[in-house]
Amino acid sequence: MTEKQNIKQALDEAQQINKEYNYYNYITTQEDIKLQESNKLYNSKEGKLSGYFISVKDAINVKGMESTAGSKILNGYKPLFDATAVKQIKEQGGIVLGKTTQDAFGFGGFSVNVGLDKEIPLNPNNKGRACGGSSGGCAGATSKHKIKHISLAESTGGSIVCPASFCGVVGICPTYGRVSRYGLMDYANSLDKIGPTAKKVKDAALLLEVISGYDENDSTSANEEVKEFTTYVGKPVKGMKVGIIKEAFGEGVNSEVKKAIENKIAELKEQGVEIKEVSLPLTSKYGLSVYYILAMCEASTNLAKYCGMRYGKQEDPTGISFNDYFTKIRTENLNEESKRRIMIGTFARMSGFRDAYYIKAAKIRTLIINEYKELFKTYDALICPTMPVIAPKFEEIKKMTPLENYMMDILTVGPNLAGLPHITIPSDEVDNMPTGTMLIADHFNEDILIQLGSSIENMY
Amino acid sequence: MEVNKELLQNVAKVARLKLTNKEIDAFIPQVKEILDSFQILSEVNTDNIKPSFQPIPIKNRLREDIPREPISIEDALKNTSLKQDTYFKGPKAV
């Protein structure tokens, strides 16, 4: 097949899948392809990603392609530049396939909190169930595409591994700072990480290898060595030490899901991995509250810039006051969950409450980071279920209160708060739905996750 | 924590949002439930603990002070229809 035929097949496949499952807010056109091909730097035939198509979460800027972070308030916004991760993908010959559906600004765990005029992505295994969130479109597209495809997702509190687990694909959330955030529309600056979802660990490792590294455009970017992650796929794991997080197998975690993960643990044992039970009492009890306070506080400041000026949704401002105009645009174009998080975040930062909520949470975050660090003195990685349940049905989600919704993140907020890399590996099915096993490693030890993760993929 | 209509209206004003009575009625129990769940943090002794505003140590890195081409005025105005000459057009501020 010629390259042109390959591209046509990929674009047609994306259109076809989207009609049935709603994984894209925007699908690349032939004009977009021409634009990319016209840039010599982006036309490598021998790059690490030559021949690959990459779908990109809507919150990550792609030059010239409408990028809305899944929210109506950014409709019409066409970035003037590529996010660093997207630039690196293009430089390695990868072709951007489109912008994927998500909870608006990343606010959700099921991708049902989409923007007011956006579609909800459906689970690739059962259309009556959610994809997970917030990178739901990324994980769904990863599952359904037959072409050579990897997705560029983003996580704040679990938004890569949650949908990957619910859709039965691999997801890697790297260490905070490992991948540049330049060009990402922030949810919470101290928590956001860009990472891949793929069908196989090898492809996820490949994309991570391409997008990792220091970037002077991101002041929080880490200047740490980037290993050749793909060389860790399939490396023997004998003698490695893995701790089972005791609290992640307790109340609230579905017993069949536990069993699926226990099967993966048994597989590691058979390969000579030393397994012992460990405990994260502070993280398990306080992690969720700490996460939501910090994330909402940061989000409420980040979203202040969306006010109907310069880009996105706008209206004629003649005859209306400054504040009334901002209020009107925000009220009419932000969805309910965005408003809820802005309200709580604004409240928690207000005079008189800041120390009790924001500063207190930031202090407990220190204790949580220390709790993990102590375990990594002994263990190479920690293991637990990625999500406590299989992907819920849409009617079940409708019955949940916002707090019950947030509690779904109970297992993923810990590593996200501590900025630790983590991976989810598809595990045994429960009720014909996939489950995921999560491995967590110390900062900048993504190679260990790839080594351990690849040793347990597709064993069943 | 008492969460009432007045508090939510005040917060909404600060956040440049206008909530309908129906929205406020729905938000009151939800926000109360969420804020109450945060109270659990008061159990933790955080005396002498420094807050973590980032999960990894961040170092200041300064780049070479070399002038670069900024984005052009034409590009900066590409994403808006509300413009006049070389300026963004916005609501009246004073």
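Predicted model: local features only at pLDDT ≥ 70, side-chain atom pairs only at ≥ 80, totals over all residues.
## Basis

Local features require pLDDT of at least 70 and side-chain atom pairs pLDDT 80 or more, while totals for chains, interfaces and linings use all residues. Residues are numbered from 1 along each chain as its sequence is written, chains are lettered from A in the order in which they are written, and side-chain values use heavy atoms, without hydrogens and water.

## Asn335(A)

Asn335(A) sits in the loop between helix 9 (322–333) and helix 10 (336–349) of chain A; helices (H or I, at least four residues) and strands (E, at least two) are DSSP runs, numbered from the N terminus. With a relative accessible area of 7%, Asn335(A) is buried (under 20% relative accessible area, 1.4 Å probe, protein chains only).

A polar atom of the Asn335(A) side chain lies 3.0 Å from the backbone oxygen of Val114(A). Beyond its neighbours within four places in sequence, the residues in contact (heavy atoms within 4.5 Å) with Asn335(A) include Ala104(A) and Gly115(A).

## Cysteines

Cys138(A) is buried at 0% relative accessibility, and Cys297(A) is buried at 1%.

## Strand 13

In strand 13 (residues 433–441) of chain A, 9 of the 9 residues are buried, so the strand is largely enclosed by the rest of the structure. Strand 13 of chain A pairs (at least two DSSP bridges) in the antiparallel sense with strand 11 (residues 381–385) over 5 bridges and with strand 12 (residues 422–430) over 7 bridges. Ile383(A) stands opposite Leu439(A), and Ser427(A) has Thr435(A) as its bridge partner.

Key: Buried < 20%, exposed > 50% of the residue type's maximum accessible area, 1.4 Å probe, protein only. Polar contact = N/O pair within 3.5 Å; in protein donor to acceptor, adjacent residues only side chain to side chain.
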